Amino acid sequence: LQNAELGKRAPRWIRDNEVTMCMKCKEPFNALTRRRHHCRACGHVVCWKCSDYKAHLEYDGNKLNKVCKDCYHVIIGCTDSEEKKKKGILEIESAEVSGNSVICSFLQYMEKSKPWQKAWCVIPKQEALVLYMYGAPQDVKALATIPLLGYTVDDTPRSADLPHSFKLTQSKSVHSFAADNEELKQKWLKVIHLAVKGETPECQNELQVNS
């Protein structure tokens, strides 16, 4: 929702399973100390600290509702200048880059000898040489970024369990990925093979993979 519409229209609620961290303070959720709450104005999933505000919402008959800090400031008409401080590279919202990406999808990811984990991977159009990794599609902060230029691509599968895997290596840095199927793996490799040489794909729209 636009700022002018906050509280006037019911928001689209972000589902709990679409995020792994508070969409405001970026702290990871866990079962005990950080439970998920919804801001009734913007629909974002936030932790209890960031939802500890209340405002009268027009769409709900001007009743007092739980809202996040940002919406509270907008609705009561006070701006928080600190919010405008420059975002770091990891603090680009996943939804922002996924919506304007060369390619984005879930991939399994492994670094060094850590266990495989599922990550929402995105290569944005504005930075087609950088791979962003998020815990989930609506997360507001990336877990990691990999500048792809100069990496070597090895697309031979590592194990029979993950037949659609590939590996990126650069000196001591090794990143392993696995796609759910061969078609998805080839789409990623098509983009990555260009990126490691400093090139960007021409026909970007064909590579949208939203799953």
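Modeller: What follows starts with the whole chain, moves to the sheet and its core, and ends with the charged pairs and the remaining parts.

The model is predicted. The protein has three helices and eleven strands. Along the sequence they come in the order β-β-β-β-α-α-β-β-β-β-β-β-β-α. Of its 211 residues, 39% count as buried. Among contacts between residues at least 6 apart in sequence, 47% join residues at least 24 apart.

Now the sheet. Seven strands make up an open sheet, and their order across it is β8-β7-β6-β5-β11-β10-β9. The pairing is antiparallel. At the edges are β8, residues 144-147, and β9, residues 152-154; each of them pairs on one side only. From one strand to the next the twist averages 35°.

β6 covers residues 117-124 and β7 covers residues 130-134, and the two are joined in the antiparallel sense over three bridges. Within that pair, Cys-121 stands opposite Met-133 of β7. In a regular strand, side chains alternate between the two faces of the sheet.

Next comes the largest nonpolar core, which has 25 residues. The members that touch the most others are Cys-121, Ile-123, Leu-131, Leu-148, Phe-177, Trp-188 and Ile-192. Two or more residues come from each of β5, β6, β7, β10 and α3. The most are given by α3, which supplies six residues.

Leaving aside its neighbours within four places in sequence, Leu-131 is in contact with Cys-121, Val-122 and Ile-123, among others. Its contacts also include Ala-144, Thr-145, Ile-146 and Leu-148. Phe-177 and Trp-188 are on its list as well. There is also a second, separate core of 20 residues, including Phe-29, Cys-42, Val-45 and Val-67.

Back at the sheet, the strands β9 and β10 also carry a charged pair. Side chains of opposite charge can pair when their charged atoms come close. Lys-167 and Asp-154 form a salt bridge through their side chains, at 3.9 Å from N to O. Lys-167 lies in β10 and Asp-154 in β9, so this pair ties together parts that are 13 residues apart in sequence. Lys-167 is partly exposed, with 21% relative accessibility. Asp-154 is also partly exposed, at 27%.

Ser-165 belongs to strand β10 too. Ser-165 is buried, with a relative accessible area of 1%. A polar atom of the Ser-165 side chain lies 3.1 Å from the backbone oxygen of Leu-162.

The structure holds seven salt bridges. One of them joins Glu-111 and Lys-114, with the closest N and O atoms 3.6 Å apart. Glu-111 is partly exposed, at 24% relative accessibility.

Strands β3, residues 53-57, and β4, residues 63-67, pair in the antiparallel sense over five bridges. In this pair His-56 stands opposite Leu-64 of β4. Five residues lie between the two strands of the hairpin, and Gly-61 has a positive phi near 60°. The side chains of Asp-60 and Lys-63 form a salt bridge at 3.8 Å, N to O. Asp-60 counts as partly exposed, with 26% relative accessibility.

Last, the start of the chain. Glu-5 is found in the segment before β1, which spans 37-38. Glu-5 is partly exposed, with a relative accessible area of 26%. Its side chain makes a polar contact of 2.7 Å with the side chain of Arg-9. Glu-5 and Cys-42 are 37 residues apart in sequence, while their C-alpha atoms are 9.5 Å apart in space. Cys-42 is one of the residues of the second core.

How values were computed: Residues are numbered from 1 along each chain as its sequence is written. This is a predicted model: local features need pLDDT of at least 70, side-chain atom pairs count only at pLDDT 80 or more; totals for chains, interfaces and linings use all residues. Side-chain values use heavy atoms; hydrogens and water are left out. Two strands pair if DSSP finds at least two bridges between them. Helices (H or I, at least four residues) and strands (E, at least two) are DSSP runs, numbered from the N terminus. Axes are lines fitted to C-alpha atoms, for helices over the stretch in contact, and angles run from 0 to 180 degrees between N-to-C directions. A nonpolar core is a set of buried Ala, Val, Leu, Ile, Met, Phe, Trp, Tyr and Cys residues joined through side-chain atoms within 4.5 Å. Buried means under 20% relative accessible area, exposed over 50%, partly exposed in between (1.4 Å probe, protein chains only). Contact means heavy atoms within 4.5 Å. A salt bridge is a side-chain nitrogen of Lys or Arg within 4 Å of a carboxyl oxygen of Asp or Glu. A polar contact is a pair of N or O atoms within 3.5 Å; within protein, one must be able to donate a hydrogen and the other to accept it, and residues adjacent in sequence count only if both atoms are side-chain atoms.
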